[in-house]
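Please open the model in the viewer and display the side chains.

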Amino acid sequence: MITSKQRSYLRSLAHDLDPIVYIGKSGVTENVIKEIDTCLENRELVKVKLQEGCELKPKDVANDLLPQLGAEFVQAIGRKFTLYRQARDVEKRQIVLPR
């Protein structure tokens with residue numbers, strides 16, 4: 001569980017990120033989950049965008065994905081949401097969270 005100070009720090013890092021994963025009208029598929037998992041392992045901070053054809057709500061999608069991915073919710077703005085998960089491989093860790 002991340003603290004509000006850590007969440008604020010992650011929001012500042014995510015501000016300049018472009019969405020990496022897009023969810024379309026077919027919703028959350030196994031491929032989408034695998035792609036987010038891979039991105040979280042490589043980048044630790046991932047921004048996801050729901051396209052116009054998708055009828056889902058960003059917070060609902062994020063909350064459904066959290067247990068499957070073992071990730072933390074950072075923020076949701078409009079049709080985008082951001083997730084964070086510390087890389088399992090110590091050598092791939094890029095983000096150092098404040099205490």
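A residue is called buried when its relative accessible area is under 20%, exposed when that area is over 50%, and partly exposed in between. The model shown here is predicted.

Begin by selecting Asp37. Its relative accessibility is 28%, so Asp37 counts as partly exposed.

Arg85 and Asp37 form a salt bridge, with 2.7 Å between the closest N and O atoms. This pair joins distant parts of the chain: Asp37 belongs to helix 2 (residues 30-43), whereas Arg85 lies in the segment after strand 4 (80-84), and the two are 48 residues apart. Arg85 has a relative accessible area of 5% and is therefore buried.

Keep Arg85 in view and select Glu41. Here Arg85 forms a salt bridge with Glu41, the closest N and O atoms being 3.6 Å apart. The partners again come from distant parts of the chain, Glu41 in helix 2 and Arg85 in the segment after strand 4, 44 residues apart. Because its relative accessibility is 14%, Glu41 counts as buried.

Now select Arg88. Its side chain meets that of Glu41 in a salt bridge, at 3.6 Å from N to O. Arg88 is in the segment after strand 4 and Glu41 in helix 2, 47 residues apart. Is Arg88 buried or exposed? With a relative accessible area of 58%, Arg88 is exposed.

Finally, select Asp37, Glu41, Arg85 and Arg88 together: these residues are linked in a network of salt bridges. The count of salt bridges comes to 3.

Terms used
Residues are numbered from 1 along each chain as its sequence is written. This is a predicted model: local features need pLDDT of at least 70, side-chain atom pairs count only at pLDDT 80 or more; totals for chains, interfaces and linings use all residues. Side-chain values use heavy atoms; hydrogens and water are left out. A salt bridge is a side-chain nitrogen of Lys or Arg within 4 Å of a carboxyl oxygen of Asp or Glu. Helices (H or I, at least four residues) and strands (E, at least two) are DSSP runs, numbered from the N terminus. Buried means under 20% relative accessible area, exposed over 50%, partly exposed in between (1.4 Å probe, protein chains only).
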